[in-house]
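Keep the sequence and the structure in view while reading.

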Amino acid sequence: MRTINCSLTVGSPRDRGCRAGWFTGSLTSKWLVLFSVALLAMVVTAVPAFAQGGNCLQNEWNVFNGAAAGSTSNSLALNCTAGDVKIAQVTNIRDPLTGAKLTQCFQGSTFSFIADFEILTTSSQARENIGLYIATDSTTQALTGACVDNIISPQHNCPGTTTTPPIQCGSDNYHETDAPPDNCGDTSSGDFSNTFGAGAEKVTLRIDNFSCTAPAGSTTLVLPNCTSWQIPGGTNQCVSPSPSFPYQIAATPGTKSKCNCSVINLPITPVTVVPIVQKACTTGTSTPNPPTFTQNPNVASPTSCSAGAEGSTVTYTVAITNTSTISGNNVVVDQICDDKYGNVFTASGFTPPCAAGTVGTATNGTCPPSPIAPGATGTCTFTAVQGELKSVTDTVSASGHSSLNTSSVFTNTQSNTVTVTSTDAPSTATVTKGLDSTQAGCATVRYNVDVKNTSRADEALSLSAFNDSAYGSITSLQGSVLGTTCGVAAGLGTLSGSSGAGVLPATLSVGGSDYTCKFDAQFCSPLATIITTAGTCTNGTCTVGKAGACSQNSDCNVTCFGIQHTNKVTGTIVGDESETVTQTGNTFTVDECFTSFTSSTTP
């Protein structure tokens with residue numbers, strides 16, 4: 001073993017130990033390491049190396065030499081030019097709890113596993129205090145960052161296993177060439193493993209928090225790793241407590257070259273969802289319908305459509321193909337967005353929302369498709385109205401997750417572009433007239449007029465004119481008087497063709513003929529409920545008007561929806577001695593009821 005004096009670089013861990021009075025004279029490097037590590041533990045107050053900058057090989061070497069774990073000092077940089085010891089392969093990967101074989105992990109998550117590592121040594125001389133460094137969050141190196149560090153230990157129960165019997169961690173050919181209490185295992189080309197053969201040891205390790213991330217372009221994981229060792233005559237004493245035999249910092253390289261780093265295959269396949277998203281269009285003038293999709297090569301058809309006149313509805317079909325080959329790894333679609341029409345579908349609670357459409361709004365038809373099995377293609381449709389733009393080019397994007405693991409996701413996977421063109425629609429307008437309601441009604445009524453001389457003895461009367469209280473003179477066409485036979489020899493207006501009653505003045509003798517004539521007149525009025533027969537209520541029963549029980553006369557009124565007009569005709573009459581004649585006449589009321597209101601239209 002090497003002898004190390006206390007006359008070392010001022011400030012180094014070993015120097016601090018010497019000045020503290022822990023070391024006197026010459027000490028072996030093994031004991032020096034023990035005391036220097038103890039001193040560091042006191043100074044650092046048990047903060048792990050990873051918390052200060054990593055716990056991979058270079059980080060441990062930095063700490064062993066009194067520097068911060070994350071130091072990048074060139075004077076501390078390992079070169080790892082020796083190739084005496086390496087991790088050649090990893091086999092028999094299994095679940096730490098159950099021992100079941102592991103072949104898959106969920107992309108983007110971390111997982112733990114137990115595996116058999118082939119430790120291959122090319123030197124016939126012992127390589128001592130072997131350190132094993134497995135990167136857990138890198139696909140390229142195990143010098144810096146997060147690692148699981150181990151020594152080669154005797155076989156012991158793997159931590160956390162629940163199998164019966166427990167899975168055994170440690171070496172199948174453990175041996176130690178240094179004197180007790182040193183127990184950090186050694187190797188040489190003379191080793192023999194029943195699993196891996198000559199020059200090898202099978203070392204079973206538990207690896208925790210390993211990132212399920214494959215390198216770009218790879219479908220399986222890799223295992224970046226480093227090994228370190230010391231050679232006879234230059235070893236540190238390395239003691240790891242049972243029963244777990246954890247890594248010891250004394251297992252760092254004997255010199256900067258005594259290490260080897262590589263990246264080897266780890267036969268674990270990440271469960272990923274990497275779908276192909278495609279889009280096609282269909283309009284009333286497009287073919288084929290339905291659209292067609294192929295994935296190798298990636299072709300959607302049709303991707304160019306004519307919508308005809310603007311304002312037409314375009315149907316878009318979205319196709320999503322699950323490229324996974326892992327059974328049960330279905331694609332679940334959480335969102336479909338269109339860059340021109342906005343949201344097509346978003347699952348409840350999924351964020352962020354689709355950006356708003358810039359030319360219109362999508363109307364969802366059948367999206368999303370049902371969970372899509374590996375190798376299958378799911379389709380769904382949505383529609384949009386082609387607006388005034390003559391051409392719209394757009395894409396859809398889809399987001400979702402694996403049915404096996406919701407943390408394995410795909411986000412905004414883009415489709416091909418689709419272009420839809422349209423033409424200007426003709427400029428037209430339509431003016432339409434319709435019936436809202438009937439507000440008023442008119443009626444043309446033919447009235448009869450009779451003048452009789454009711455005098456006594458031989459009084460002769462002279463009739464010279466007629467006047468209606470509503471229409472005025474009825475002997476000529478004027479105002480609302482549309483026709484008449486009164487005061488004329490032949491009928492006028494609507495009564496033309498009829499005989500006139502005779503021109504005026506006319507003489508009426510006692511017992512002689514009456515003067516009779518007709519006239520047509522029109523009246524108009526707003527429609528209302530009118531009383532056509534005034535009712536009478538007698539002892540709770542209608543006796544006049546409508547039948548039935550009543551409490552007052554108005555309950556018996558006969559009514560309708562219509563118009564009503566009241567007027568009276570008087571004559572200009574004098575006696576044979578020009579005396580005034582007393583006239584007796586009647587006031588006449590016309591009721592016009594409207595029973596229906598209809599309308600019709602023609603183009």
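Strand S21 (residues 331-338) and strand S26 (residues 396-402) run antiparallel and are joined by seven bridges. Strands here are DSSP runs (E, at least two residues), numbered from the N terminus, and two strands pair if DSSP finds at least two bridges between them. Within this pair, Cys337 has Ser397 of S26 as its bridge partner.

This is a predicted model, in which local features need pLDDT of at least 70, side-chain atom pairs count only at pLDDT 80 or more, and totals for chains, interfaces and linings use all residues. Residues are numbered from 1 along each chain as its sequence is written, and side-chain values use heavy atoms, with hydrogens and water left out.

S21 and S26 belong to an open sheet of four strands, ordered S22-S21-S26-S27, with antiparallel pairing. At the edges are strand S22 (342-346) and strand S27 (409-414), each of which pairs on one side only. On average, neighbouring strands of this sheet are turned by 15° against each other, direction ignored; the angle is taken between axes, which are lines fitted to C-alpha atoms, and runs from 0 to 180 degrees between N-to-C directions.

Another strand with pairings is S13. Strand S13 (residues 221-230) is mostly covered, with ten of its ten residues buried (under 20% relative accessible area, 1.4 Å probe, protein chains only). Leu221, Leu223, Asn225, Thr227 and Trp229 point one way from S13, while Val222, Pro224, Cys226, Ser228 and Gln230 point the other way.

| Strand paired with S13 | Bridges and sense |
|---|---|
| S6 (residues 128-135) | five bridges, antiparallel |
| S14 (residues 259-266) | eight bridges, antiparallel |

Ile134 stands opposite Asn225 in S13, and Leu221 has Leu266 of S14 as its bridge partner.

Notes: Buried means under 20% relative accessible area, exposed over 50%, partly exposed in between (1.4 Å probe, protein chains only).
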